[in-house]
Amino acid sequence: MSEMKIIAVVGGGQMGSGIAQLAAMHGCDAWLLDTDPSALTRANKSISHSIHRLVSKGQLTQAVGKDALGRLRYTSNLQELSSADVIIEAIVESEDVKKKLFIELDKITKSSAILASNTSSISITRLASATSRPKQVIGMHFMNPPPIMKLVEIVRGADTSDETFNATKALAERFGKTVICSRDYAGFVVNRILMPMINEAFFTLYTGVATKEDIDVGMKLGTNHPMGPLELADFIGLDVCLSIMKVLHAGLGDSKYAPCPLLVQYVDAGRLGRKRGIGVYDYRQMPDAVKPSSKL
């Protein structure tokens, strides 16, 4: 497979914009698509701020930063992605929504293009089944935030070809990432372990074992985690955590993966975490100096 020169990312949120930034910083022409123009405006500002900050800290040269900003393109028109060598979707964690997108991408992209999903838990095999190119569908799960976190989890579907796997692994390594590989089971590796821990932290809070502050301090100082599980849940998004727990529960069929009622209640109340200003913690009046670090 030829070198990947044009990378397209679908989804202008924190994950999608971070992946597009990463591609541009490593010499790829990068398209970022979102159907919401305001999301693209926010992504543009966020990427620009992030790159300028990396330059100011000496972690990126001015020339590379300028080149990266020049390589980025923003669009709401799916047809603009027709020339991309790989398309990475980073949209809502819903199998039905992702399948609909893959059906559309399958129609408009060139026959050689790889369709990758940033899903953190949904079956790659089932996503691939919605396309006419299951051999070219793969999971490419970046950690949040993508420009900073060193890991990419690659997931092969039942029909993913060696050529697709090797090209995707090479791209992740070009981005400076360490790659781990997972079989296509619910939650893969990272979230199969992480999300039950977060869910158990919610049960610990729900049953009154300890305060949210003591739960987080206990895990940070007792196990050397850089963020406590409840802080981390707020950073990831409680809706995302709940969605993954539901996938684990349905896919693995074990009651130990049942979402904590408190997590469900918070999501029902719209307390989704930092992105909404309130989750387990209330960030609306919290000074920036004491907010949990986004660098994990």
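Me: In which helix is Asn 191 found?
Reply: In this predicted model, Asn 191 touches Ser 120, His 141, Pro 196, Ile 244 and Leu 248, leaving aside residues up to four places away in sequence. The helix in which Asn 191 itself is found is α7.

Me: Does Asn 191 count as buried or exposed?
Reply: A residue is called buried when its relative accessible area is under 20%. The relative accessibility of Asn 191 is 5%, and therefore Asn 191 counts as buried.

Me: How are α7 and α10 roughly placed to each other?
Reply: Helix α7 covers residues 190–206 and helix α10 covers residues 238–252, and the two pack with their axes 10 Å apart, at an angle of about 115 degrees. Angles of 65 to 115 degrees count as roughly perpendicular. The two helices α7 and α10 are therefore roughly perpendicular to each other.

Me: Which residues of α10 make the contact with α7?
Reply: The crossing of α7 and α10 is left-handed. On the side of α7, the contact is made by Asn 191, Arg 192, Met 195, Pro 196, Ile 198, Asn 199 and Phe 202. On the side of α10, the contact is made by Leu 238, Cys 241, Ile 244, Met 245, Leu 248 and Leu 252.

Me: Which residues of strand β5 point the other way from Ile 114 and Ala 116?
Reply: In a regular strand the side chains alternate between the two faces of the sheet. In strand β5, which spans residues 114–117, Ile 114 and Ala 116 point one way, and all the residues of this strand are buried. Pointing the other way are Leu 115 and Ser 117.

Me: Which residue in β6 stands opposite Ala 116?
Reply: Three bridges join β5 to strand β6, residues 137–142, and these strands also run parallel. Leu 115 stands opposite Val 137 in β6. For Ala 116, the residue opposite in β6 is Ile 138.

Me: Which are the edge strands of the open sheet of eight strands?
Reply: The sheet has mixed pairing, and its order is β3-β2-β1-β4-β5-β6-β7-β8. Its neighbouring strands are turned by 25 degrees against each other on average, with direction ignored. Each edge strand pairs on one side only, and these strands are β3 (72–75) and β8 (178–182).

Definitions and conventions: Residues are numbered from 1 along each chain as its sequence is written. This is a predicted model: local features need pLDDT of at least 70, side-chain atom pairs count only at pLDDT 80 or more; totals for chains, interfaces and linings use all residues. Side-chain values use heavy atoms; hydrogens and water are left out. Buried means under 20% relative accessible area, exposed over 50%, partly exposed in between (1.4 Å probe, protein chains only). Helices (H or I, at least four residues) and strands (E, at least two) are DSSP runs, numbered from the N terminus. Two strands pair if DSSP finds at least two bridges between them. Axes are lines fitted to C-alpha atoms, for helices over the stretch in contact, and angles run from 0 to 180 degrees between N-to-C directions. Angles under 35 degrees count as roughly parallel, over 145 as roughly antiparallel, 65 to 115 as roughly perpendicular and the rest as oblique. A crossing is left-handed if the near helix is turned anticlockwise from the far one by less than a right angle, and right-handed if clockwise. Contact means heavy atoms within 4.5 Å.
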